[in-house]
Amino acid sequence: MKKRTSLPLKTTGEMPPSYCKELVPSLDRNVETLKGILGNADDVVFRSFRIGMELDAQLVYIPDMSDRMEIDNNVLRPLMMMAEGQPKDFSSIKNLALPIGSIEESVDAYACVKQLIKGYPLLLLEDCDRALVLKIAKWDKRSVEEPETETSLRGPREGFTESISTNLSLMRRKIQGVNLKLKSLRIGRDTETEIYIAYMEGIAKPAMIQEVENRLSRIDVDSLLETGYIEELTEDDPYSPFPQQQFTERVDIAAAGLLEGRVVILVDGTPDVLIVPVTLVTLLQAADDYYNRSLYSSLLRMLRYFALFISLMLPATYIALLTFHQEMIPNKLLMSIASSREEIPFPTIVEVLMMQMAFEVLREAGLRLPRQIGSAVTIVGALVVGEAAVSAGLVSAPIVIIIAFTGIAGFTAPHYSLEFSVRLLRLLLILAGGLLGILGVMYGLIAIAIHLCTLRSFGVPYLSPITPFAANDMKDAVVRAPWWTMITRPGYSRKSNRRRLAPGQRPNPRKGGER
Amino acid sequence: MRKNKSKSVLIQLGKWLLPLAVLLALTGCWDSDEVNSLAIVTSAGIDRTKDGAIELILEIVAPQQQQQQSGTGQSSGQKGGKGTTIVRYAIGDTAADAQGRLQWKLPRTIYWGQLQVLVVGEALARDGLREQLDYLVRVNEIRLRVMPFVTQGKARDFFDSHFLLEQTKAGFLQSEAARVFHKPLTLGRLVQRLSSDDDAAVLPFINIPEDRGDKGGVPYIKGYAVFNQGRMVGTLTGNSFLATKWVTNQLKNHVETVNVGNESPARVTYTTLAAKSSLIPIRRNGEWQLNIRIESEINMIQNTSRLPMADPPNARLLEAAAAEHIREVVTQTVRDTQRMHADIFAFGEAIKRRNPHEWSRLEPQWNRFYPEMDFRVEASVKLRRIGMNSIPLGRQHKEHTKP
């Protein structure tokens, strides 16, 4: 393999010294310099005008990335209307003439171009060796909406957007304490994507923050379009079927993660943020769990565990029982299964794989198709495939039920990255069950268990708090204990500051009279 | 360098694939059987033909009705209703041999895993069941939860009889046993009993009523077949059947009528709510004696006497009558079994538990000792419920005060 040529790579923003080009005290030459750096950038507007009929100036901006109104009203108007006697040197223009919130100076042409590309207009003056960067960028962005992939009955509806500044403000609004820290860095040679590491100081383990930073600083890529890039580049076990980082579009989930001592990674240009570390237990916690009353939440959470297990095991168990262990099926059930299988030309495993594939194809098609057609295709497809396949004698009726139930049970997973892994493992178990019967299914389960025991996410055991057992954290594992019992934070938060709420807050009628 | 790398990748891949390949070769799909390649046996019958051969009758699940053809001339598919099973039989030297012969005539593999009931013909039962039982216990597919029965006459008669309530004959016998017994006997228990020291056992005994016209009667569990040394030596029916169930704690759905007092229409019918019996061996004058203690609680459902049972003295009267009845039938039944030399109530077992040392002395002559053994039946009955009507119908309240 060819050794990688060392390119002048820098992921953190500043240009190398050889790329520096100082501005000179000549407007024309500076404009030439900028045009030279920009090359064929025809979308950049160079607006030349005269300040107060005396001083030549150039306003350089990219139309749809800057606030047009602001340029017209707060830059061009005051400058052009300047009276003759007013001082027109650089600092007085900056300090007196421009009613704009944020202005920077720059002396380097390359730095100017970078700012320009971000959408900040540049103001160049005659006989001045520095430029003004007017921070009035504005581009089209989506408004804050409810994330469609993560809905809940109760709780906030707002979700992250593609704009990182919006996302940061959403986070800040959720957590208004000063302990919310946001560290910025840039990754991607070409995209120079802005990334923020968010954590709660004093709650997140410093070692965890350091580990996240280390792993992120190791990344050296040309582009970073989605958090998925980061996920795959910083995973603990890249070939594990289980997700080792959680992504979410919901602000409240990210905020809750922060408050449990986890670290959130925000990437510009995507509404998905990453939360690390994760455990299997956290992937089964839905946001609703914490908003609904604990009894319901606990029941639903247990249901979710059960459904996930069913989703993983049901088809494999069915094949194993039907082809190897018929004695384990109750007599009457076996008779009815036998009579429904009587005309089926395929072995059970082929039947299951066929239906499973049909189900996955429908699902994928439903995802890819335009939304309006998508739902129609899924429903029609399910009806057609299920009903017609049974009546044509291609598959037996129990299979349709089993595959449908399996698929639906999988959808109970609150974070669908976990559902992906279950789908994958289900397929393996189906093959194992078809080849070796219950023995194979058990082999598969044992293999999964061993793998889960070895897996870690940013150093946190994946199965904690179940194994290694942490009795204190079981309050939020299989059940969701009432809020007044959630006195401590989970085990991956900083040890010296575990206390989450004051003990003894259990409501009681006798407490009502306190005065 | 490039070559090396691809080679090492191959080796890596091989390291993973090889164990997988070995794993597949070790055990695998040849054990698998699709459900529709199996002849699922739900009930089996074993009988002895006149010339001493063994006849095996299998009731096989027929997933579809069209399998009614009787190509071999030996099938007797069920007619009418939903014919969900077919019956096939074959004759061989042993049960296993017959099974092998039956397999020749069946396109599907005989699958024993769903066997639920075993019906033994009377001829075979009297001749000795143990030898054929060996096959059923030996085959690893057969579960020990199979319920064994003995049928009156030929086992084939049972399989040819008609009944419409249940889909299969196995289902019929199962629900029948669940109706009659508290906890139906299983093959596992039977084998235990037959290999215990007492070497006596009871099996439910099915009676097939005589044909009335072209319709055969519906079979039912009539009593117990008594086995001694692996052979059927007699039956316990009627009151003896009841008494046996009393002593073995198998009583269920049981209605009984006794006479109370001296008035002429004085029959009282009751059901048993709870019954418990225990065997207590005691030494008396150097001889073993067995106390059979039966405690039961009853619920009166009809009172044709003129005695209001709400009165404690009258209730005592009924309790005494019921207890006397139990004592009578149990005593009679134990006498019968003593006559048959069959220790079906496991008296020997009770003595062994009380005094294992003594038992080792008794055991060799137990068969001789048992028929002469002394026993006592203690019955205590408690009237728990008398129903909604506290005073017998049509009886004037005033008459009550008359002595």
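What distance separates the centres of domain 1 of chain A and domain 2 of chain A, taken over C-alpha atoms? In this predicted model, in which local features need pLDDT of at least 70, side-chain atom pairs count only at pLDDT 80 or more, and totals for chains, interfaces and linings use all residues, that separation is 35 Å. Residues are numbered from 1 along each chain as its sequence is written, while chains are lettered from A and ligands numbered from 1 in the order in which they are written.

The domain assignment of chain A, whose bounds come from an automatic or database domain assignment, gives domain 1 (20–134), domain 2 (164–278) and domain 3 (294–461). Helix α8 of chain A (residues 251–259) is largely enclosed by the rest of the structure, because 7 of its 9 residues are buried, a residue being buried if 20 or more other C-beta atoms, placed from the backbone, lie within 10 Å of its own. Helices here are DSSP runs of H or I with at least four residues, and strands are runs of E with at least two, numbered from the N terminus. The buried residues of α8(A) include A:V251, A:I253 and A:L258, and the helix is followed by A:G261, which has a positive phi near 90°.

Between the chains, 19 residues of chain A are in contact with 24 residues of chain B, contact meaning that the C-beta atoms of two residues, placed from the backbone, lie within 7 Å. On the side of chain A that touches chain B, α12(A) gives the most, with 7 residues.

Chain B itself has 12 helices and 13 strands, and 36% of its 403 residues count as buried.

Definitions and conventions:
A residue is buried if 20 or more other C-beta atoms lie within 10 Å of its own, exposed if 12 or fewer, and partly exposed in between; C-beta atoms are placed from the backbone.
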